[in-house]
Amino acid sequence: MATPGVGAACLAPSAAAAPRRRAADPARACSARPRLSLVRRRCVAELSREGPASPPLRSPAQQLAPPVVPGFLAPAPQAPPTLPDAGVGDLGPELMLEGIVEDSVDRTVIVASEQDSEIIDAKEQFPAKVTRSIVFVTGEAAPYAKSGGLGDVCGSLPIALAARGHRVMVVMPRYLNGSSDKNYAKAFYTGKHIKIPCFGGSHEVTFFHEYRDSVDWVFVDHPSYHRPGSLYGDNFGAFGDNQFRYTLLCYAACEAPLILELGGYIYGQNCMFVVNDWHASLVPVLLASKYRPYGVYRDSRSTLVIHNLAHQGVEPANTYPDLGLPPEWYGALEWVFPEWARRHALDKGEAVNFLKGAVVTADRIVTVSQGYSWEVTTAEGGQGLNELLSSRKSVLNGIVNGIDINDWNPTTDKCLPYHYSVDDLSGKAKCKAELQKELGLPVREDVPLIGFIGRLDYQKGIDLIKMAIPDLMREDIQFVMLGSGDPIFEGWMRSTESSYKEKFRGWVGFSVPVSHRITAGCDILLMPSRFEPCGLNQLYAMQYGTIPVVHATGGLRDTVETFNPFGKKGEEGTGWAFSPLTVDKMLWALRTATSTYREHKPSWEGLMKRGMSKDHTWDHAAEQYEQIFEWAFVDQPYVM
Ligand SMILES: Nc1ncnc2c1ncn2[C@@H]1O[C@H](COP(=O)(O)OP(=O)(O)O[C@H]2O[C@H](CO)[C@@H](O)[C@H](O)[C@H]2O)[C@@H](O)[C@H]1O
Ligand SMILES: OC[C@H]1O[C@H](O[C@H]2[C@H](O)[C@@H](O)[C@@H](O[C@H]3[C@H](O)[C@@H](O)[C@@H](O)O[C@@H]3CO)O[C@@H]2CO)[C@H](O)[C@@H](O)[C@@H]1O
């Protein structure tokens, strides 16, 4: 494999031919008083320019601002508006987009530095010390489109950050596949569309928008997002044009803050782009190769969030010209498969790797747990990117995911037949009985009900469950699995159900309500993941008084403390984290758990209550993200 060093960045073009930046057009600045509902946004936009940007890159407006003291919200600058409201289309022929077409007329842009006495004091109102404009870019976000944990995180972390005072936009595709269409019903056409020159043509995308829970949800619309199947593939496997689909997403996401007037304001050039997984990984490459050399986005930064290194967006090297990137930037995406992975003797293994591009060019890198941030730097966990990630250790951090406790709350959950809380667990036993009824299993309180929920993927260790089932089915237990994915495992779940009708249920499919009922109704949740960057199901389980039995890896090891009856009061643990990952060890952990369930009721209740009392909200994680953003803005942005 080629050494995928950060040195690839040296291949950046020179900025010698940077075109003149168009001056802000005062005629487009609205002199009218903004609607009251806009006041908070304006305030956030103003404050967001006051972060500790690196001196040489400060915009003229920022140079007029008072000196910045971290954590201190200085008053807004008294200068005339200088933030350009222009997209790439305004910046000259060197930049590649063909221009912005606006359907609506008479739009006004209220620029961020306009004064208004009604502006509220963000410091008093919001927990964040410094508020920013944050742009999430993702392949999925619940409730619009979700295939797994990425969707959960991108559907909830942005809301948590907005609640802390940030101005937050999420940019994702507008998937229309029949089943998800209704989720976009409240998103309206913005009147903006752009043409993206890539893949040998000019591809028009349009933007839809919904403002919900204080977040601007922006949906990129293109015919390639309208097709039956799941988000990334169908029964025949992954879609062959995924590279094209997510290239469009990344270009569109770079334009959105410059051209979309959301609630009357553009986001502008001083943003933190939070790019999630490979689908969004071209964003930092585009910022560095196609914007910053021309004076755009020099005040922005990017944070790559790695939810799962298993998917990197790797395609043959000859697709590079399709991406519309300057030829000199090939090195940033360059990827060479090791010899053993090549198909034949003449195969040179040359490829382009989207995720690698972001690892090279992002200003900060976050993995979704601390454990995983170490694992990705090892040969065992780094999926080929370990050396490169090690070379970026100084900007690599781990932050354990939070959960959306509005959605996952046993006291209010709309999917549950009964509700319960840490103070009154009686509803949980009723949820178990209802689940047993729903599944057609014998309704018995005394039998431990074990659950599994997840994508049927190599990552999740389904093969271990498969190997353990004959042993497990000899015991007095019940087992329910909910999952979809690998057709081999789907077939196995169906046949296991017919072999063990009294004990095993295999629900093949994707159903959010069923996943909630399993989480509440089971006694134990099993997660024998081979690797797990964070894992959300064990957090949901603990929140619902269901005891996690997990392989001690990544985020599972960080979040599940093995039961120790002799531990200090309150620190006796929340579940079982077993290691190494073998069938025997997994069976040992399950047997220990089931015998504790049967024979040590007070200990079991203690386990339930400790898990339910943990703070799994996003608050702590959101604060840690803010710290990462601040560090990113202290540093220079990635340039050639
Ligand atoms: N058949 C089904 N029906 C209904 N719901 C289903 C389902 N299959 C899965 N889900 C849901 O999908 C989510 C799975 O989240 P996880 O974090 O456990 O794993 P995932 O590997 O998808 O996420 C990746 O990203 C997340 C987020 O960062 C990391 O936590 C994780 O380690 C990483 O692998 C849960 O909400 C679960 O209930
Ligand atoms: O939220 C769940 C996960 O969603 C993402 O993973 C998807 C991945 O990004 C897609 O590319 C696709 O993966 C396919 C892969 O590209 C292909 O080579 C082949 O191996 O089949 C895969 C399955 O179709 O689907 C993944 C979801 O199944 C996200 O990147 C992960 O972090 C999330 O865990």
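Predicted model: local features only at pLDDT ≥ 70, side-chain atom pairs only at ≥ 80, totals over all residues.
Six strands form an open sheet in the order 18-17-16-19-20-21, and their pairing is parallel. The edge positions belong to strand 18 (504-508) and strand 21 (576-578); each has a single partner strand, so one side of each is left without a neighbour in the sheet. On average, neighbouring strands here are turned by 15° against each other, direction ignored.

Within this sheet, strand 16 and strand 17 run parallel and are joined by 8 bridges. Arg455 has Ser484 in strand 17 as its bridge partner.

Helix 13 (residues 487-499) lies across strand 16, strand 17 and strand 18, and runs at about 145° to strand 18. Helix 18 (residues 601-613) lies across strand 19 (524-527), strand 20 (547-551) and strand 21, and its run makes about 80° with strand 20.

**Surroundings of ligand 1**

Ligand 1 is surrounded by 29 residues, of which Asp152, His307, Arg455, Lys460 and Glu532 are the closest. By class, this shell holds 11 nonpolar, 13 polar and 5 charged residues.

Which elements each supply at least two residues of the shell around ligand 1? They are helix 4 (149-163), strand 16 (449-456), strand 17 (478-485), helix 14 (512-521) and helix 15 (537-543). Helix 4 gives the most, with 4 residues. Strand 16 and strand 17, which contribute to this shell, are also members of the six-stranded sheet.

Polar contacts reach oxygen atoms of ligand 1 from side chains and from the backbone. A polar side-chain atom of Lys146 is 3.0 Å from one such oxygen atom, and an N or O atom in the side chain of His307 is 2.7 Å from an oxygen atom of the ligand. In the case of Leu536, a backbone N or O atom lies 3.1 Å from an oxygen atom of ligand 1. On its own, ligand 1 has 710 Å² of accessible area, and the protein covers 98% of this.

**Surroundings of ligand 2**

The shell around ligand 2 consists of 13 residues, and the closest are Gly148, Asp277, Trp278, His279 and Asn308. These 13 residues divide into 3 nonpolar, 7 polar and 3 charged.

The polar contacts of ligand 2 considered here involve side chains. A polar side-chain atom of Trp278 is 3.0 Å from an oxygen atom of ligand 2, and one of Asn308 is 3.5 Å from an oxygen atom of this ligand. An N or O atom in the side chain of Arg455 lies 3.2 Å from an oxygen atom of ligand 2. Taken alone, ligand 2 exposes 630 Å², of which the protein buries 69%.

Strand 11 pairs with strand 13 (residues 350-353) through 3 bridges in the antiparallel sense. Pro316 stands opposite Ala351 of strand 13.

**Backbone features in loops**

Most residues other than glycine have a negative phi, and most peptide bonds are trans.

| Cis peptide bond | Omega |
|---|---|
| Ala142 to Pro143 | about 5° |
| Ser579 to Pro580 | near 5° |

Pro143 has its place in the loop between strand 2 (133-137) and helix 4. Pro580 is found in the loop between strand 21 and helix 17 (583-599).

What is the phi of Ser214? Ser214 has a positive phi of about 65°, although it is not a glycine. Ser214 lies in the loop that runs between strand 5 (201-212) and strand 6 (215-221).

Definitions and conventions: Residues numbered from 1 in each chain as written. Chains lettered and ligands numbered in written order. Heavy atoms only, no water. Pairing = 2+ DSSP bridges. Near = heavy atom within 4 Å. Polar contact = N/O pair within 3.5 Å; in protein donor to acceptor, adjacent residues only side chain to side chain. Areas by Shrake-Rupley, 256 points an atom, 1.4 Å probe, with all protein chains shown as cover. Nonpolar A, V, L, I, M, F, W, Y, C, P; charged D, E, K, R; others polar. Axes fitted to C-alpha atoms, helices over the stretch in contact; angles between N-to-C directions. Contact = heavy atoms within 4.5 Å.
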